[in-house]
Amino acid sequence: MCGIVGYVGARPCRDLLVAGLEKLEYRGYDSAGLSVIEDGRVESVRAVGHLGNLRAALEEHDSRGGRVAVAAPPATTGVAHTRWATHGRVTEENAHPHSDSSDRVHIVLNGIVENHAKLRRRLEADGGVFSSETDAEVVAHLIASHYDGDLAAAVRAAFAKLRGHYAFVAMHADQPGVLVGARKECPLVAGIGEGESFLASAIPAFLAETSEVVTIENDEIVTIDASGVRIADSEGDPVEREPETIDWDSDAAEKGGYETFMLKEIHEQADAVAETIAGRLPGDEGVDLSEVDLEDDYLRGLKRVVIVACGTSYHAGLVGRYAIEEWARVPVEMDVASEYRYRNPVVDPGDLVIGLTQSGETADTLAAMRLAREKGARVLAITNLMGSQATRDADAVLYTRAGLEVSVAATKTFVAQIAAMYLVGLRLAELRGTLGTERLTELVGELKQMPSKIEETLAGCEDRVREVAEAHHDQKFFLYLGRHIGLPVCLEGALKLKEVSYIPTDAYAAGEMKHGPIALLDESTPVVCVATDSPVLSKVLSNVEEVRARGAETIAIVTEGSGAVGDVAEQTIEVARSDWLLQPIVAILPLQLLAYDIARRLGLNVDQPRNLAKTVTVE
Ligand code: AGP
């Protein structure tokens, strides 16, 4: 998840572009850069690390007589980027903007170009000289190969050949005062000012300059100049769209118009999953985890997988255990890291130990990973933060791509971790031949649909959840029940309510309830049951009956259109239908929202809950 911004107008654009990047740094910050058009040439400055390094590089550029700032009159057309590396290491060469061989076309891109390797081979065969390891650079060369004096036409031609999940903005040295952008899934918005226009990944990038905004929809190409914004579809036919006036204050702007980071991040989950699977499900059936430095033969011969993690990551690992065992038929052990590291675990050299940690800095998980490695296991880190300690304490790394998560209560990193576990499970199944091609194709197809199922579920359940929160926000205790793949979902739902509302909760395997927790129930106890479609649904429903028999209030999370649940539960909240093993990605959404709504009703600060830190680096 990178941040892109572009400006055309009458004002010097350097500082406007850097200011825009500051507002987008939550999207990625391992490197940054900008390019401006000056006297028919493009000047470009890039730097590794946070924006301060880019500012320093710009200063240094100025002092060496660079033209980005000092030329009179200063540049008024430019693009800028803050990066969250997905393809290619964190280096200056891999930082954006990227250009073609003639340095005339410059582009900034957010997302992933899936068919970049094939296009690159063809462009190199035609004489293109590439200078980075990135997938994005291919876009600059492709546009240049189609350029014949009309940048919009060249972008449209290039767009037709690109595959993936991205949004980009391009400029050409021969056309100062014009920027052209294109959107394929990843967000892109235009800002309309007085005699100036902006393009960006998110509104906060230019909100300080204009609140007139036009959203660019999927498969649209947008051209901006000082006079305004023109949108066309991928065929080139004009698209009319009225601008909206955004009335966010600066705090809301930072939160993308949401009242809190937690709510903003709940609504970024479709993107987080889409980015995490993008480029890793290239075709209809295969899973490409070539970035993970573990040999196929080793993975094929695996004797056991052990997952270690803490908190929300532990719950994502639990989902992974069910999926990996079900699909790849390899035994999976799951342990909280703070227990694993002190229980003198039996580790075999053939074991694969997966350390699941969004921050990559959680002390107990790091120690568990190190211990496993000392005992001879291979260690795979699944983390959201490039360059974090976990990436150094592992033999191989698989990145989730949820972008920076500010709210202490993990939401988008949880669903991104589940998506990553599914990728590992499917890849192991593919290598071990434990899933037929048809089933593999079906599951890959289903996983690709999960981002839209997330949006569908969020849109469909928000009002229902609000009603449930209204009815139960003053309760003193909640019980959560789930079975099989529903158990980690209810554990995570219970943790979310604890974290942000401070209401005591308990989460139990539903089959365990009659062995004790049922004693907790009375007429007022709200019991949240994860009852999505699965081979054990009938068992879950009988547990719901048991709960109702004690007079407790039952709130069931169910798969849309599932007739089985009927009126077993007092209240039902539907989630989008998918393969039953993929349901956790949507089933958790109403539980995140329930915790959120209840905490908000109690007037609590959900982004900074008491006693909690985003990253637990202490033992
Ligand atoms: C989740 O909302 C909490 N912030 C916490 O449980 C968290 O999941 C845990 O500390 C693990 O963090 P990690 O994924 O960064 O290792």
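**Ground rules.** I count residues from 1 along each chain as its sequence is written, and side-chain values use heavy atoms, with hydrogens and water left out. Because the model is predicted, local features need pLDDT of at least 70 and side-chain atom pairs count only at pLDDT 80 or more, while totals for chains, interfaces and linings use all residues.

**Polar contacts.** Here I take N or O pairs within 3.5 Å. A polar side-chain atom of Ser313 is 2.5 Å from a ligand oxygen. For Thr362, a side-chain N or O atom is also listed at 2.5 Å from an oxygen atom of the ligand. Gln358 uses a polar backbone atom, 2.8 Å from a ligand oxygen. On its own the ligand has 410 Å² of accessible area (Shrake-Rupley, 1.4 Å probe), and the protein covers 92% of that.

**Helices at the site.** I read helices as DSSP runs of H or I, at least four residues, and strands as E runs of at least two, numbered from the N terminus.

How do the axes of H11 and H17 cross? They come within 9 Å and cross at roughly 170 degrees, so the two helices are roughly antiparallel (over 145 degrees). The axes are lines fitted to C-alpha atoms over the stretch in contact, with angles from 0 to 180 degrees between N-to-C directions. In the contact (heavy atoms within 4.5 Å) I find, among others, His315 and Tyr322 of H11 and Leu491 and Glu492 of H17.

Most residues other than glycine have a negative phi, and most peptide bonds are trans. The His96 to Pro97 bond is cis, with omega near 0 degrees; Pro97 lies in the loop between strands E4 and E5. Glu185 has a positive phi, near 80 degrees, in the loop between E8 and E9.

Terms used:
A polar contact is a pair of N or O atoms within 3.5 Å; within protein, one must be able to donate a hydrogen and the other to accept it, and residues adjacent in sequence count only if both atoms are side-chain atoms. Angles under 35 degrees count as roughly parallel, over 145 as roughly antiparallel, 65 to 115 as roughly perpendicular and the rest as oblique.
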